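Subject: Structure handover

Dear colleague,

Here is the structure, with its sequence.

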Amino acid sequence: MTAHSRAITSNQPGPHRDLTRRVERALQHPLRKPVAEHTREAFERAEHWRGARERMPLILDAGCGVGLSTRRLASAHPECAVIGVDRSAERLSRDHGPLPDNALLVRADLVDFWRLALAEGWQPARHYLLYPNPYPKSVHLKMRWHGHPIFPAIPALGGRLELRSNWRLYVEEFALALQQATGVEAQVEAFEPEGEPLTPFEDKYRRSGQSLWRLVTELPHRPELLPVA
């Protein structure tokens with residue numbers, strides 16, 4: 001079976017020239033955006049759920065979309081508590097079968113959720129960023145996670161961080177930002193998923209014949225990376 005998914009095109013020939021400046025700004029200047037009340041309430045529910053499973057290692061599925069990846073990660077790691085976070089109620093409501101007992105789906109703004117998780121001392125054993133919106137136009141660098149003011153919170157949480165994308169440049173930029181923020185050199189590699197794809201995007205891209213790229217690295221818990229007001 002084949003699928004038809006357009007490969008990403010961009011007006012960038014290589015890593016964005018403003019990447020270093022944006023990462024440095026994120027490391028030096030606190031993010032002053034108020035935390036949305038709906039995300040604060042959602043985080044409190046997630047914290048309560050996690051508290052009942054405090055002996056279980058935590059897996060954070062950031063930007064989980066329809067929640068298929070959360071379900072599959074929970075099934076693959078029954079010893080872990082898996083929390084999938086996405087801002088879209090519509091995506092989260094799609095029927096992909098019952099949630100395993102060790103999985104939770106949360107509707108929240110990731111920018112706020114990451115900050116709350118860091119403040120609460122969360123230390124995920126695994127942290128997934130699966131096929132984030134690439135925002136391939138050069139002018140949209142600040143909308144990519146590594147160009148966003150929230151970026152330091154991602155490595156600050158620590159654990160085994162895994163980013164996957166069908167756009168190699170996104171992963172390469174993320175690796176550069178990660179090295180700048182933490183000193184950790186993470187390798188960008190092509191990969192072929194084993195078994196079932198984790199997300200519908202992964203399935204679609206693979207069946208379209210597109211190359212898939214990832215970055216996997218172990219990071220220490222370093223909450224001081226995110227500046228606070």
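This is a predicted model: local features need pLDDT of at least 70, side-chain atom pairs count only at pLDDT 80 or more; totals for chains, interfaces and linings use all residues.

Residues are numbered from 1 along each chain as its sequence is written, and side-chain values use heavy atoms, with hydrogens and water left out.

Sheet

Helices (H or I, at least four residues) and strands (E, at least two) are DSSP runs, numbered from the N terminus. Two strands pair if DSSP finds at least two bridges between them. The open sheet is made of seven strands in the order β3-β2-β1-β4-β5-β7-β6, and its pairing is mixed. Its edges are β3 (103-107) and β6 (188-190); each has a single partner strand, so one side of each has no neighbour in the sheet. On average, neighbouring strands of this sheet are turned by 20 degrees against each other, direction ignored.

Strands β5 (residues 159-165) and β7 (residues 213-219) run antiparallel and are joined by seven bridges. In this pair, Leu161 stands opposite Thr217 in β7. Helix α7 (residues 168-182) lies across β4 (126-130), β5, β6 and β7, and runs at about 20 degrees to β7. For these angles, axes are lines fitted to C-alpha atoms, for helices over the stretch in contact, and values run from 0 to 180 degrees between N-to-C directions. Contact means heavy atoms within 4.5 Å.

Two buried polar residues

Buried means under 20% relative accessible area, exposed over 50%, and partly exposed in between (1.4 Å probe, protein chains only). A polar contact is a pair of N or O atoms within 3.5 Å; within protein, one must be able to donate a hydrogen and the other to accept it, and residues adjacent in sequence count only if both atoms are side-chain atoms.

Asn102 sits in the loop between α4 (89-92) and β3. Its relative accessible area is 10%, so Asn102 is buried. A polar atom of the Asn102 side chain lies 3.1 Å from the backbone oxygen of Ala74, and one lies 3.2 Å from the backbone oxygen of His77. Beyond four places in sequence, the residues that Asn102 touches include Trp49, Met56, Cys80 and Val82.

Arg115 belongs to helix α5 (residues 110-119). Arg115 counts as buried because its relative accessibility is 15%. Its side chain reaches the backbone oxygen of Leu31 at 3.5 Å. With neighbours within four places in sequence left aside, Arg115 is in contact with Leu31, Lys33, Pro34, Val35, Ile150 and Leu226.

Nonpolar cores

A nonpolar core is a set of buried Ala, Val, Leu, Ile, Met, Phe, Trp, Tyr and Cys residues joined through side-chain atoms within 4.5 Å. The largest one has 51 residues, and those with the most contacts inside it are Ile83, Val106, Phe113, Trp114, Trp122, Leu129 and Trp145. Helix α7 supplies the largest share of this core, eight residues. Another core, of 13 residues, lies apart from it and includes Ile59, Leu130, Tyr205 and Leu212.

Cysteines

A disulfide is a pair of cysteine sulfur atoms within 2.5 Å. The structure holds zero disulfides. For Cys64, the nearest cysteine sulfur is that of Cys80, 17 Å away. Cys64 is buried at a relative accessible area of 6%, and Cys80 is buried at 5%.

Regards
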